Structure formats: C-alpha cells, structure tokens
Amino acid sequence: MPNVLWLEEIKKEDIISVGGKGASLGEMTAIGLPVPKAFVVTAQAFRRFLIETGIEEELFRRLERLDVDDNGALESVSREVQDIVLAAEMPDQIRQEIVEAYARMGADGTVVAVRSSATAEDLPDASFAGQQETFLNILGETDLLDAVQRCWASLYGARAIYYRAKQGFDDRSVNIAVVVQELIGSEKSGVMFTSHPVTGEPLTIVEGSWGLGEAVVSGSVSPDNYVFDLRSGRVVDRLIAEKEIMIIPEGRHGTKTVNLSAKQRTAPVLSDAEVARLATLGKIAEDHYDIPQDVEWAIVGDDVFILQSRPITTIKRPEIPHGGAAGQQKGVLGVVLVEGQGASPGVASGRVVIVRDVKDTSAVKDGDILVTKMTNPDMVPAMRRVSAIVTDEGGMTCHAAIVSRELGTPAVVGTKKATKLLKDGQIVTVDGEKGLIYDGAVQAPAPAAPAVAPAAAAAAPVITGTLVKVNVSLPEAAQRAAATGADGVGLLRIEHLILGLAKTPGWYIENGEEETFIAELYGGIKTVLDAFPGKPVWVRTLDAPTDEFRNMEGGENEPIEHNPMLGWRGIRRDLRSPDQFRLQVEAFKRLWAAGYNNLGLMFPMVNHPNEFVKARAMMKEWGVDVENATLGVMIEIPSSAILIEDFIRAGIRFASFGTNDLIQYTLAIDRNNEHVADMYQPKHPAVLRLIDYAIGVCRENGVECSICGQAGSDPDMVTWLVEHGISSVSANIDAVPRIREAVARKEQQILLDAARRNA
Ligand code: PEP
Ligand code: MG
C-alpha cells in the first residue's frame, strides 16, 4: 500500500488504509459528486512512521500500563505519547511523497485542510468522529508536514484514548490516515440531512450560513434552515435566521470569527435553486449508500462542493407498543395506540368496528374504521363505506392495501395486533401515510398548500417521453384514474371484478350461467375502456389464488393448497381450466368486436414462453385474430425475466414487471407476511439486476417494457427505472402526479447531461 493515495484511486475496500473519511471521499468522487481535490496519507504511512522511527514499542507500552479512569494519569500519558509522536522525525520517503503530492495539487502551493481519518472512524458501530484533529487553512509544505504529524499525534489525545478503552478497541489495532484536501474558500456553507432526520420522510433539510462550515458544524451560529420536498421538487419551508458571525480563513494557519454586516445577518444564504442543487447531490449520495446521509457542503461562486457524507443514525421508527398504558406513546398528533405500514395515504377518524368474519360487515356503518385481520374480496362492499381500514396482516401489496388505495381510503396494514389492541366502538384516528393509529379523534394539521395550484397544474400537463399510466382494479375507480391524466391503464386487475361477483367462475360454468359471467366481465372492463378513449388499457387475465375464491359460492370446490401463492393461479390455472379462460376470452372478443382497439391483454404469472404460446393458440382456436391483438406478459417470476428474449421470440408485444410478485419470488419473502415485511426489498440488487436485464433485452428488440407492481408508485424506483430505459410505468391513482414529476425530472436530467457532454 502506497504512502499516499489520491481520491480517484480509492476504492470502498480501502477503508483500512484511508479511514472512514478517506474512503467516503473516494467513494463520493467515484459516484461523481463534486468533491474538492484531495489525497490521503495512508494508515500504512503512519504505521511505517511508528516502526521506522523506532517509537512504536515505547508508545504502546505507556498506553498499556495506563488506567484510563485515572484522570491525571490519562492526561499526562496522553501528553507524553503525543510528544513522542511529534518529536520523531518523519522518514524521508514519506515526507517526499507527501511533498510531491502537495506540489501536484497546485502550482504555488494550495491552501489545504488537513483532517484526521481514524481507520475505524464513521463505521456504523464505532464513530471516532471529532476525536482527532483537523487543521484548516494550511499553506506550504512545512506547515503541511507539521499538520500531518499533529493529526497522527491526535490519535493519542486523552479523549480518544479514553473512548477507545471504553469501547474495547486495542490501541495497537487502531490506525490513522490523514486527508489533505484543497480548502474551499466557502462563501456559504453548511450541512444537510438528505431525508428528515427523525421521521425519515423524503424531506431534505439544508442548514446554511456565511463563510466556512465550521460555524454551522460547531453550532456557533444559528444557520438558515430550508426544507426541500423531494417529492414535489420544491422548497416547502424556509427559516431565515439572524446570523451574527461568520468564520473565515486567517493568516497561514487558522481561522477567525468576524461579525456580519446588518445586511448579511438577515439575508437568505441560499436561493431556491441552490437548495435544489444541494438536495439533488444529497439524493445521489443517499441513493448510492442506500441510507439517508448527513452531508457537509460548501459553495463558492457557482460551484457547489460536497465535503463529507455520513449516514444519519437518528432515524428511528417508533417501536410498536405492546398495548396498555405502558405501551402507549406520543406521536405527532397524540397517543399512538398501534402502528403498521402506511398503505394508503390520508387521515381519518371514526368508530372502530372489528370485523372477524364477513358476517360482521353488516355492523359496519358509513364513516367507521374497519379493523380486521386481513380484508378479502367479500369485504369490498364494506370497505367502500368506511373512512379508514386497519389490518393485522399484510404488506404494501396485500388486498387491503391495493383496494384502499384505489378507493382513496386511508389504510394501515401489518399492525400485527390491531384487532387485539383496539376495541369495538373506540374512537381512533388513522394516519394512512405514517402508518399510525391514534387514540381519539385528533385533529390532523391542514395539508400543506400544494406547491402549484391545481388549476395551473391541470393547465400545464407535464409531458413525459416515458408513458405514465395508472393501475385500476375496481371499475368504479376508472373515472378517478382517468382524471389523473394518465397515458392509459398499465394494469386492470379483473380478479377484483370477478371476486366481487360472489360466485366463482366455476359456479357460473356448472350452473349454465356463462352469459351472466361474460356480461359482468364485459361491462366492468368496458367502464374502464370508456374512461380512457384512445389510450392503451392492458387488461390482465384472471389471477386469483384459490384461497381468495374459497369464500365465494362455488368456492367449496377450490383445492386446498399448502401455499396458494405458489399454487394454482394466473395463466397456469387458465391453461388447465379452459372453460374459465374461454369465458374471459369471449368477453375480450366482444369488446374488440365493439371497436375497443385500445384493449391489450396481459397474462399473469407466466414462467415459460410455452405458456404464452399455448394461451395464444387457445385464443386463436376460439376465433381471436391473435396476429393483430396486443398480447403481452407480466414479469413476476425470475424465470420470465431470465427468459425474456425467448418470450420476445414467441411474439409478445409488451412485458410489464409485476414487482409485487417478482420481489417475493426472487427473495423468498411472502409479500403478505408482516413478519418478514421488513425484508421485502424492492431495491434488492438481485431484483434490480433482473429488471435491468429484461429492460435491456426489450429495448434491443423494440418491445414496450413497463412496470405495474407497487414499486412503480415509488418515485425513487421510477427514477431508477427511467435511467435504465423503461418505456412506460403504471402507478396507483394517488401516486400518478408524483410519478409523472419524477419521470419528467429524470428525463430532463438525462437530456441535460447529454447536452453538457456534447457541448
Ligand atoms: C405484481 O405482482 O406486481 C402485480 C402487479 O400483480 P398483483 O399485485 O396483482 O399480484
Ligand atoms: Mg402479481
């Protein structure tokens, strides 16, 4: 390992050599963040220094004998050991390499900051931050070498020795690297949290002040505070503080504090554009590290620099209380009785009705709060009446979550014990965004004023190259879905329509009621097609697992499956129940015949191209002009992503990621099981790799590639998908505006980057 490494040469794995700070700067440089030029004097250089100067044994012997609880001894040993380090002469080779690196930084010597980077620093379980020295405003090689040696000595400051001893670190195994970085003569600087540091909401909090960042970091000035909403891409709150002082570089070594002029005191430090730029850079860091970051930044003229980025460790979701007074806790609006996943946004208060069985739904009155283990299709009529829905089980893609979002009803799912903790008749307030259920009818704060007046938004629709479509499950939601201005329907789930009939398809067949079934299906789909004239509507063939059919009339004939998720559902069931498939195809045929050319068909749960080929052949046999029909598949099983090229050869016109299932089948995480809900990771690298691969193959072959799983309603995920070339996305009704905005933003960024590259 060399004595000196430039940021561009550093890889993540080099943390042992360059410490947390050095590794983080190297990584930030690698992902393209504007980090000021720097090199690192490696931990190996420090080790060589200890060995080659012969001070190593003496130094560690003194430390080993020390009782760190004896304050006097701690102070004096610390001083002695630091003196040993400072008095030793730096070996020539190391000295020379530092001097050479410094010379490469700039012709007449550059002003640098010299920062310690202990090799366990900033690791999640051992933060040594702030325990070693930093020297700002260093100019010239003599002072630089001196500062490096002072950083080394600071590894043995009293506080650092004490901390390491208490944390169980062996002094011999802790190293120090030194970052030598061009000092940015910041005109403005500060810190930002890339997400809300308490709630984790996508709100970037930027604090800024005049001059060097030390003023904000040390707390010696009250900075301006800006809140940037990553969802709307706007500054939603700003507090311009009275800033008394600023810290500026002084002389050859240090800094000084100066009083601000009356004008500067109250002037905003940042423009909205600067806040937005900072938030964008913060987001890059957060996305890269996959955890919200605490970032130090600086601005000089038009140049923005990122100085440091560390994970925020304060974001904590409150623990789920165990019930009773002791388990209660204060939320933003009052006492939180129970918590789960916020599955459908909105806040509503009402009377709890516990529904243990579909029979209980007769007790549900308009405006009640429906609390149940898990909703099922026969509860949909009751779900339409209530003001909020709470379930014990399920995750973001369960029945309750999908239907609630569609109905626009607030819902919290996966609370594990709402049916036990809440009582019939109790008044509660449900926050469907945060996933909290409060005691009593608490007042929700007035929603923040929309950043753009709705009328203005409607007058100026955002046009995106990537189509933004909407998901529909209930025909009654078609008008609301169309009002979003979506570019079509990327998924119409017909099982909700069929499950709402209260009789299984098998019942209609056995009882000679085929026409009734076809007419119901025809009518429901037609309602949606009528709401989207001239826009594509992809209708999915039936995909109901056997357990969802069981409560319906005819359901007694459904097989009992050990694991219905992996069982007889989707296209595999239709292929083996030709009558059930034929009735659906009959409804589609009639719709095509009625002139609905915008109707496309999508087969769910395909795992081999043969299933597509077989389904198409059956349709042809039943008189469908399959050559001219828009037929596609869902990609919900890893096998269908892996075999995408074969599907394309088999003749699919489009493919759509059903990430709800793709995630569960890739990761072996049951999407409806709240016990593993925290392990259900849409951005798991394996899921992303499957998606990336399938998009690439679709693009090469000119086949439309889309997403209709819940991940298509997540702006971050959609940003990633647009970047990776997806041709359309389909989101829940409530998510369409923010998804359209995320798509537009990413597209603009791609265009801008291309323009800059070609400039
Ligand atoms: C999916 O699996 O992502 C999907 C959209 O289908 P469903 O949620 O109906 O299984
Ligand atoms: Mg699915």
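Mentor: For charges, Lys and Arg count as positive and Asp and Glu as negative, while His and the chain ends are not counted. The place of a charge is taken as NZ of Lys, CZ of Arg, CG of Asp or CD of Glu. This is a predicted model, in which local features need pLDDT of at least 70 and side-chain atom pairs count only at pLDDT 80 or more, whereas totals for chains, interfaces and linings use all residues. Residues are numbered from 1 along each chain as its sequence is written, and side-chain values use heavy atoms, with hydrogens and water left out.

Trainee: How far apart are the mean positions of the positive and negative charges?

Mentor: They are 3 Å apart, for 76 positive and 104 negative charges in the protein chain.

Trainee: And how many helices and strands are there?

Mentor: The protein chain has 29 helices and 30 strands. These are DSSP runs numbered from the N terminus: helices are H or I with at least four residues, strands are E with at least two.

Trainee: What share of the residues is buried?

Mentor: Of 759 residues, 54% count as buried. Buried means under 20% relative accessible area, exposed over 50%, and partly exposed in between (1.4 Å probe, protein chains only).

Trainee: Which residues touch the most other members of the largest nonpolar core?

Mentor: Phe-532, Met-619 and Phe-657 do, in a core of 94 residues. Helix H27 (residues 685-700) gives the most to this core, with eight residues. A nonpolar core is a set of buried Ala, Val, Leu, Ile, Met, Phe, Trp, Tyr and Cys residues joined through side-chain atoms within 4.5 Å. There is also a second, separate core of 46 residues, including Val-4 and Phe-49.

Trainee: What is Phe-532 in contact with?

Mentor: Leaving aside neighbours within four places in sequence, its contacts (heavy atoms within 4.5 Å) include Val-470, Ala-482, Val-537 and Asn-598.

Trainee: Changing topic, where does Met-605 lie?

Mentor: Met-605 is in the loop between strand E26 (599-603) and helix H23 (609-621). Its phi is positive, about 60°, although it is not a glycine.

Trainee: Is Met-605 buried or exposed?

Mentor: Met-605 is buried, at a relative accessible area of 1%. Asp-290 also has a positive phi, near 65°, but it counts as exposed, at 60% relative accessibility. Asp-290 is found in the loop between helix H10 (272-289) and strand E12 (293-300).

Conventions. Chains lettered and ligands numbered in written order.
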